[in-house]
Amino acid sequence: MSSVDEILEPFWRKGRDFLNVRYAIMGGAMSWISEHNLVSAISNAGGFGVIAGGAMPPEILKKEIEATFSLTKNNFGVNLITMHPQLDELIDVCIETKVGHVILAGGIPTAQAIKKLKDAGIKVMCFAPALVLAKRLVKSGADALILEGTEAGGHIGPVATNILVQEILPHIKDVPVFVAGGIGSGEMMAAFLALGAAGCQLGTRFVCANECIAHPNFKKAFIKANARDAVPTVQIDARFPVIPVRAISNAGTRRFMDFQMETIQKYQRGELELKEAQMAIEHFWGGALRRAVIEGDVENGSLMAGQSVGLVKEEKPVSDIVNELVSQAANALSEWKKR
Ligand SMILES: Cc1cc2nc3c(=O)[nH]c(=O)nc-3n(C[C@H](O)[C@H](O)[C@H](O)COP(=O)(O)O)c2cc1C
């Protein structure tokens, strides 16, 4: 064991054992981005890569899992969105392909979904947005929890990471708790580990990895952006709900404001029914992440990113990102000990 591993071991042993990896660093699933190349690279670097199931149909997920298995001998997980209409079939794919860990995201999962995975020997991780829900998820059988604050990229809750950590972390002792949202450095990871986190999950920091398939325009936008550019979508009228998503502002986000106004006015003039207008607003961003990540349309597509985008300065290999995080965390912990 290297000296860096030795320093970190007492802090993240629980997380490492749970994930069965060298470093308790999860590469948070990012739709269209976290596919076999990035996921296997994170796992090969000693972290825990996670495939983003996103809107994938079961047969594509199966191919992704098999491709990842062919590129790494190390452990990785699969993130499934609970609202997916084929969730049950996606779970079957994870069972059939013998995935070790499944992360259930996008809402509180049912106890049946958790049970089905656990009965097949799969470890289940869930996102806990509040203490009551954290306790309920543990009762329902969740093997580990993730606390993800509003600083994160993609779909977000309203509460900051620091608050979730204070509210939930001291009260959950039975399962490992991982922290996500706004973590861009090893020093920050060290702080959460010192507070009792079993490990950390980072998404934004991994987008500009060499192994990430995101379009060069997408990566350039990340390198150029400051923390303040990664903002949540704004809802204009409570009757027309907007799911909060944090992304780098661009022409698409500005157009979204105008589109909401125009749609609401059409409803007010009786040209659209309430449901029709709500659906139009809900569907505005359909396919927008793919447009930016895969096609490179960074003006009109969705540039989902966390506030830690301000700490992304260059494109580099996953192993460099992971090693930098690990050595920063170890240095911080040994400096604090000295002081
Ligand atoms: C482009 C992008 C897409 C994301 N897609 C998903 C997703 O499909 N499922 C999910 O659970 N989280 C998703 N996330 C959240 C990440 O898994 C991770 O929790 C988050 O990025 C951590 O915060 P950070 O961005 O501050 O590192 C996404 C984040 C980004 C930046």
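Student: How far apart do the C-alpha centres of domain 1 and domain 2 lie?

Tutor: This is a predicted model, and its domain assignment gives domain 1 (3–211 + 317–338) and domain 2 (216–308). The C-alpha centres of domain 1 and domain 2 lie apart by 26 Å.

Student: How many residues does the contact take from domain 2?

Tutor: Domain 1 gives 18 residues to the contact. On the side of domain 1 that touches domain 2, seven residues are nonpolar, nine polar and two charged. From domain 2, the contact takes 18 residues.

Student: Why does the ligand lie between the domains?

Tutor: The shell around the ligand includes residues from domain 1 (3–211 + 317–338) and also from domain 2 (216–308). Since both domains give residues to that shell, the ligand lies between domain 1 and domain 2.

Student: Which residues come nearest to the ligand?

Tutor: The shell divides into 11 nonpolar, 13 polar and three charged residues. There are 27 residues around the ligand, and those that come nearest are G28, G153, G154, G203 and G306.

Student: At roughly what angle do the axes of helix α2 and helix α3 cross?

Tutor: Helix α2 covers residues 36–44 and helix α3 covers residues 58–71. The crossing of α2 past α3 is right-handed. Their axes come within 9 Å and cross at roughly 40 degrees.

Student: Which residues in α3 are met by residues in α2?

Tutor: The contact of α2 with α3 has three nonpolar residues, three polar and one charged. The α2 side consists of H36, V39 and S40. In α3 they meet E64, A67, T68 and L71.

Note on methods:
Residues numbered from 1 in each chain as written. Predicted model: local features only at pLDDT ≥ 70, side-chain atom pairs only at ≥ 80, totals over all residues. Near = placed C-beta within 6 Å. Nonpolar A, V, L, I, M, F, W, Y, C, P; charged D, E, K, R; others polar. Domains from an automatic or database assignment. Contact = placed C-beta atoms within 7 Å. Axes fitted to C-alpha atoms, helices over the stretch in contact; angles between N-to-C directions. Helix = DSSP H or I, 4+ residues; strand = E, 2+ residues; numbered from the N terminus. Left-handed = near helix turned anticlockwise from the far one by under 90°.
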